[in-house]
Amino acid sequence: MRLWLPPALLAVVLCGLSAAMPVLEPLFRWIQPDKQQVIYDRGSFLFLLQNHLLLVVISAAVGTFAAVAGGILATRPAGRDFLPLVSQVASIGQTFPPVAVLALAVPVLGFGEAPILFALILYGLLPILRNTLAGLEGINPAVREAATGMGMSPLQVLVRVELPLAGRIILAGIRTSVTINIATAAIGSTIGARTLGDPVIAGLVNGNTAYVLQGAILIGLLALTTDSLFEALERTWDRRFSPQGAMA
Amino acid sequence: MSVTGPVASRIPPNRVIPALALSALVLVWLLDLGTIQPNRIVAGTGHGLLSSLGWIGAGLVTAVLAASIVLSMVPLARRYLLLLGLTGLSLAALPLLLEVFASRHLPEDSPYARSSMGAGFWCLLFLLSLMLIEILGRLKTRRSLQLMLLVFVCGSWLTLLRSDGLESLSLVREFNGQGGQFRQALWTHLALAFGAVSISAVLAFVLALKMIRNTAWRRPVLGAVSFLQTIPSLAVFGLLIAPLSALSSAFPVLQSLGIRGIGWAPALLALIAYSLLPMVRNTFVALTEVPESLADAGRGMGMTEGQVFFQVKLPLALPVIIEGVRITTIQAIGLTAVAALIGAGGFGSFIFQGLGQAAMDLVLLGALPTIALALLADALLTMLAASLKPTSARS
Amino acid sequence: MIELRNVTRRFGDTVAVDRVNLTIETGEVCVLVGSSGCGKSTTLRMINHLLPHSAGEILVDGEDTTAMNPQQLRLNMGYVIQGTGLFPHWTVARNIAMVPRLLKWPRQRIDARVDELMKLLDLDPATHAHKYPQQLSGGQAQRVGVARALAADPNILLMDEPFGAVDAITRENLQLEMLRIQRQVRKTTVFVTHDIDEALKLASRIAVMDQGRIIQHDTPENILRRPASDFVESLVGKQDRGLKLMSLRPVRDLMTPHGSPKPSRPGADVLREDDNLRLALSVMLWQDLPQVAVFNARGEETGVITRERIIQEGA
């Protein structure tokens with residue numbers, strides 16, 4: 001239970017701060033004495049947080065589904081021809097800077113939520129795909145052979161043996177992907193998506209450091225909350241599936 | 001036919017290239033190959049393959065794609081070499097399509113009119129690149145050959161883009177419009193990214209050594225650098241503004257050095273902070289993973305600690321350290337683009353200016369070179385790491 | 001000569017080596033044998049000061065090693081470890097040249113020495129000098145390890161389970177090779193192994209260790225004939241000691257020589273004077289002969305050996 005305490009606490013702080021930012025007005029006024037408006041008000045922080053989260057969750061869900069499906073297909077006998085290409089693309093794709101991918105989505109899809117979602121899915125897919133392939137390819141062939149030899153069907157081998165064994169690595173891929181996507185979604189404000197990046201961008205444009213701070217603190221908190229959530233998830237996974245890890 | 005029988009069984013048909021080429025064929029006929037805009041901002045009119053290139057051009061594109069499908073199916077011993085030649089040449093000659101398109105459709109009397117690449121062209125470029133990657137993978141070519149191919153394709157693109165025929169291309173127009181600023185952005189981008197990488201490399205080296213000598217440093221250092229890595233870049237840039245502007249107003253000396261809340265100083269600082277995690281982790285892991293038995297063998301034969309470090313540990317750790325430099329460099333090139341938001345310059349300034357003005361060609365002028373830089377750094381550093389590994393023919 | 005006087009090594013509260021006294025004469029091969037964790041490797045590593053000793057004295061040629069510069073000390077001691085410890089980023093030639101280079105020998109002398117050593121260890125310089133350790137077989141790599149240790153012609157050779165990681169046939173060959181080289185170069189050698197047969201084969205004297213102490217320090221024959229404790233007895237094997245003793249003695253000892261050597265007769269698998277009695281007996285049992293002829297290195301028949309005599313006097 002102590003594992004879940006840090007993410008829970010961070011989440012409470014994050015939500016509390018988003019709801020009660022106006023309370024801190026005196027503090028921000030001290031930081032930014034020369035501006036009339038020191039609390040960002042073109043959208044409530046809770047709404048921005050919710051929208052930011054929604055973008056990340058949708059892209060993570062779609063990305064995970066697509067990447068795991070793709071990874072499985074490319075490692076089956078029928079799709080094995082595509083494996084070298086898929087793994088090459090997964091690793092080359094990750095050298096593309098996320099900002100550049102985001103920027104390239106705009107000419108194709110225009111401004112707003114659509115291009116950012118597209119870019120987040122596409123870019124977030126790559127680390128998951130890469131880890132899925134690494135996880136499935138990394139399984140000792142003897143294990144797979146033993147499962148087949150004892151009469152499991154290919155589907156059973158996949159569901160009961162391969163996916164549980166590769167799951168930990170896939171989870172790590174999802175963590176990487178979500179971390180990157182929280183950051184990229186924040187930059188998405190520049191192409192018209194409503195996220196926690198909005199106050200930062202607005203503050204930078206107007207020279208209002210208070211706005212920048214509010215956005216930056218909330219983005220940072222969101223990232224930390226998510227990261228500690230994944231930390232707890234990974235620890236739980238380790239305890240359940242690898243007894244040595246639990247003893248250590 | 002009886003002769004080709006056994007050969008055919010040894011060379012199974014490739015299914016990947018036909019799939020890619022077929023998709024390319026469908027997309028290039030369905031989508032617009034190019035667009036003509038009357039000026040920079042107004043939306044243009046799209047032209048399909050046939051309208052863009054005429055019967056001859058469209059036929060040629062179709063023929064090349066069809067030929068690659070056929071080549072990948074027939075059991076020829078040298079077919080991947082043939083495919084490599086075909087795909088490489090097509091990629092290198094791709095801007096010619098734009099040249100033909102511009103010459104057919106650009107109105108001659110309007111100086112502001114520009115042609116730009118349509119979705120069909122981008123798809124063709126993307127799928128041809130995938131085909132090339134697939135072919136190179138099947139051929140198991142050396143990295144130096146791959147680099148030569150890359151240089152050939154890029155060289156051909158640069159030459160064609162600078163030729164007279166493509167003057168009207170929006171990207172070229174935009175580049176000419178920016179003039180010296182492009183070069184300026186390139187240098188700023190490079191200086192920030194490589195400055196951050198080199199400074200963090202030195203810092204990481206010192207930290208890694210500290211962690212190796214003193215185990216008490218390990219957890220706090222790794223914890224701190226992964227904490228820094230978790231905070232999104234925009235937040236870090238934002239969080240640095242207030243303290244740095246406070247510092248610079250308190251100490252005018254700093255201000256005269258150009259250190260302010262926005263600009264290169266917070267950008268460099270944030271980039272270094274980001275670069276520390278991959279650098280420290282790889283350097284530390286690389287140095288600790290050199291088997292202790294090897295260090296012992298060195299000591300046992302009379303090497304001093306210094307000789308053990310510089311002659312045994314460091315050379316063996318170098319490929320993994322370089323891998324860290326590679327990850328860091330790619331990351332830094334991408335983050336430098338974000339740093340343009342706090343006024344650090346570089347290619348990111350084109351991206352965000354373009355987004356602000358809804359000038360997509362300016363966005364491309366920023367995004368494409370950023371990607372190119374990242375890919376180039378990736379290729380060079382991968383090659384460097386590979387060349388430093390001792391030949392591992394058999395284990 | 002190496003002398004250990006009351007040498008003790010503690011790791012925290014545990015005593016790994018407990019008041020060990022051991023004298024290794026110049027030119028002899030001393031094998032430290034015992035099960036894992038008995039302190040044999042620790043003892044070896046204290047001799048070249050890779051591990052400092054907690055108490056006692058270690059003297060090399062009468063000089064206390066604690067007073068010496070450890071690098072200087074080690075440069076004069078060849079060191080071979082299990083799994084070769086060859087540097088994977090250096091070629092075979094560079095690996096062998098390691099100590100001479102540390103000693104700043106002139107280039108030509110190093111090249112000549114590398115060539116000489118590779119030939120001594122039966123490695124063809126032309127084919128192997130520029131290979132990397134990963135490209136060698138286990139046996140070849142181990143030979144390079146030995147060549148590297150011999151490179152600067154040290155007086156002392158320390159070998160820590162050098163043949164532990166190679167297969168049985170390769171190990172046998174390396175052991176024979178080592179005996180041959182030892183006859184040529186006569187190094188004072190300390191050899192650590194857990195394999196009692198290897199110890200019996202290679203040692204001038206064996207030191208049996210258990211729980212950080214030396215239980216018995218004696219010649220192989222005495223270890224077999226008069227084990228000092230139950231531990232030593234079980235280590236050498238109670239039941240097949242007779243055969244083990246036979247394998248220590250050469251055929252030459254018990255053969256009946258001819259007056260003058262008879263001219264050579266062709267034949268590949270003949271018994272030689274240097275072969276051991278165990279092999280001679282085995283040949284006779286297999287071919288069901290009461291006696292066999294013995295040949296010298298030149299292929300001349302120099303005598304005969306009988307089954308009866310081996311059984312009476314062999315062990």
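**Close-up 1. K244(C) and D197(C) form a salt bridge in this predicted model, their N and O atoms lying 3.9 Å apart.** A salt bridge here is a side-chain nitrogen of Lys or Arg within 4 Å of a carboxyl oxygen of Asp or Glu. Because K244(C) belongs to helix α12 (residues 241-248) of chain C and D197(C) to helix α9 (residues 196-202) of chain C, the pair ties together parts that are 47 residues apart in sequence; helices are DSSP runs (H or I, at least four residues), numbered from the N terminus. K244(C) is buried at 8% relative accessibility, whereas D197(C) is partly exposed at 41%, where buried means under 20% relative accessible area, exposed over 50% and partly exposed in between (1.4 Å probe, protein chains only). This is a predicted model with residues numbered from 1 along each chain as its sequence is written, and with chains lettered from A and ligands numbered from 1 in the order in which they are written. Local features need pLDDT of at least 70 and side-chain atom pairs count only at pLDDT 80 or more, while totals for chains, interfaces and linings use all residues; side-chain values use heavy atoms, with hydrogens and water left out.

**Close-up 2. Salt bridges in chain A include the pair R29(A) and E25(A), at 2.9 Å from N to O.** These two residues are four apart in helix α2 (residues 25-31) of chain A, and are therefore separated by about one helical turn. R29(A) is partly exposed at 32% relative accessibility, and E25(A) is partly exposed with a relative accessible area of 32%. In another pair, the closest N and O atoms of D198(A) and R194(A) are 2.7 Å apart; D198(A) is buried at 9%, while R194(A) is partly exposed at 29%.

**Close-up 3. F182(B) and F347(B) form a tilted aromatic pair, with ring centres 5.3 Å apart and planes at 45 degrees.** Rings of Phe, Tyr and Trp (its six-membered ring) pair if their centres lie within 6.5 Å, and planes under 30 degrees apart count as stacked, over 60 as edge-to-face and the rest as tilted. F182(B) in helix α8 (residues 180-213) of chain B and F347(B) in helix α15 (residues 347-357) of chain B are 165 residues apart, so the pair links distant parts of the chain.
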